[in-house]
Amino acid sequence: MESYKYYKLIIAFSFIISVIFGFFSTNEVFLLGIIEKSNIVPNKDITLIECFTTIFFTNFIVGFFILFIMSFVTGGLLAIFVIFINGFILGRLFLELLNIEQISLKVKFFSIIHIPVEIYAFFLFSFYSYNGFYLILDMLKNDRINKTFFPSKEKILKPTLLLLLGAIIESLTIYYAIL
């Protein structure tokens with residue numbers, strides 16, 4: 001599957017370009033707007049479990065249902081768009097984390113640590129969705145569903161566990177940042 005390698009390169013390239021674009025865009029209060037609109041607004045009333053479950057299920061919805069299921073149906077095209085948007089947001093967040101002095105160095109460090117874990121999980125979901133392209137082509141050609149294009153349970157488990165780890169790091173970072 002030579003085209004699968006090209007798909008990985010397209011995903012990686014769109015992500016890198018979008019991070020750079022997000023980093024150099026000029027919206028000064030982007031991070032503060034995200035925090036205000038988020039359902040994970042740092043406050044003393046939220047429990048660590050509530051913080052964790054909100055982060056994990058939000059990321060799981062993006063990873064599994066949008067990047068995998070919906071992108072599987074579109075042959076991976078939706079994944080490219082979602083990865084691009086997430087890269088842009090990451091670029092903005094990274095810039096804001098560097099510039100906002102009210103955020104402690106420890107919070108900045110752990111915020112940056114959890115990002116590669118989540119991004120790798122999102123990439124894995126995206127890569128698996130590309131098989132949808134071949135499933136659709138095979139269905140049109142042979143008028144049947146070939147189950148070999150569907151990923152194994154192990155392939156779904158790996159990015160899910162990575163999202164779990166990312167959510168643990170992120171929720172601990174948010175929770176202890178407000179104490």
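H114 touches G166, I169 and E170, leaving aside residues up to four places away in sequence, where contact means heavy atoms within 4.5 Å. This is a predicted model, in which local features need pLDDT of at least 70, side-chain atom pairs count only at pLDDT 80 or more, and totals for chains, interfaces and linings use all residues. Residues are numbered from 1 along each chain as its sequence is written, and side-chain values use heavy atoms, with hydrogens and water left out.

- H114 is found in helix α5 (residues 105-129), helices being DSSP runs of H or I with at least four residues, numbered from the N terminus.
- H114 is buried, with a relative accessible area of 8%, where buried means under 20% relative accessible area with a 1.4 Å probe and protein chains only.
- The side chains of H114 and E170 make a polar contact at 3.3 Å (a pair of N or O atoms within 3.5 Å, one able to donate a hydrogen and the other to accept it; residues adjacent in sequence count only if both atoms are side-chain atoms).

**Packing of α5 with α6**
- Helix α6 (residues 131-142) packs with α5 at an angle of about 15°, with their axes 4 Å apart, and the two are therefore roughly parallel to each other (angles under 35 degrees).
- In this contact, F127, Y128 and S129 of α5 meet N131, G132 and F133 of α6.

**Helix α4**
- Among the buried residues of α4 are R92 and E96, as well as I80, L90 and L95.

Conventions:
Buried < 20%, exposed > 50% of the residue type's maximum accessible area, 1.4 Å probe, protein only. Axes fitted to C-alpha atoms, helices over the stretch in contact; angles between N-to-C directions. Parallel < 35°, antiparallel > 145°, perpendicular 65-115°, else oblique.
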